[in-house]
Amino acid sequence: MTALCHRHKFVYFPIPENASSSIKRVMYQLETDRVWDQKDRNLLGVNIHAIYPTLTDYVWERYFDTYTSLVIVREPISRFLAAYGNRVIHAKTSQMNDSIALKVKRARLSPTPDLDEFIAKFKRYKRLSNEI
């Protein structure tokens, strides 16, 4: 999974909850000389991930020898807490997507777990959603 910045010749390998939105906003600024903001989102009708989609095929391989590679790795406890905050509390992933909500219900898990419950049942929640 990658995103490409052709103007500055680098391949970015995003890892979920490791600053991927922030890095993609920087990529936009580097390529356009403009800061990505809400006006851009409204004008284009998309979020930053649509501008720099994560490529799941191997398009990046043709650039690998000539572009710089970039990976951001986050301290694992901070990453875990961010996943809980962003995907469970803020976005309420389990409630936003009907199929995940149904899976959560069938698994007899809370759609809005507190941190203790999320930690205790993390593996079960993780199996239900790739976004966590």
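Does Glu-61 count as buried, partly exposed or exposed, and why?

Guide: This is a predicted model, where local features need pLDDT of at least 70, side-chain atom pairs count only at pLDDT 80 or more, and totals for chains, interfaces and linings use all residues. Residues are numbered from 1 along each chain as its sequence is written, and side-chain values use heavy atoms, leaving out hydrogens and water.

Glu-61 counts as partly exposed because its relative accessibility is 48%. The scale runs like this: buried is under 20% relative accessible area, exposed is over 50%, and partly exposed lies in between (1.4 Å probe, protein chains only). Glu-61 sits in the loop between α3 (48–51) and β3. Helices (H or I, at least four residues) and strands (E, at least two) are DSSP runs, numbered from the N terminus. Along the chain, Glu-61 and Thr-2 are 59 residues apart. Their C-alpha atoms are separated by 10.0 Å.

Now follow the loop to the sheet. It is an open sheet of 3 strands, in the order β1-β2-β3, with mixed pairing. Its edge strands are β1 (3–5) and β3 (68–70), and each pairs on one side only. On average, neighbouring strands are turned by 25° against each other, direction ignored. That angle is taken between axes, lines fitted to C-alpha atoms (for helices over the stretch in contact), and angles run from 0 to 180 degrees between N-to-C directions. Two strands pair if DSSP finds at least two bridges between them. β1 and β2 (residues 10–12) have 3 bridges and pair in the antiparallel sense. Ala-3 stands opposite Tyr-12 in β2.

Ala-3 and Tyr-12 belong to the largest nonpolar core, which has 10 residues in all, including Trp-36 and Ile-48. A nonpolar core is a set of buried Ala, Val, Leu, Ile, Met, Phe, Trp, Tyr and Cys residues joined through side-chain atoms within 4.5 Å. β1, β2 and α1 (20–32) each supply at least two residues of this core. The largest share, 3 residues, comes from α1. There is also a second, separate core of 8 residues, with Tyr-84 and Phe-118 among them.

For contrast, look at Ile-77. This residue is found in helix α4. Ile-77 counts as exposed because its relative accessibility is 57%.
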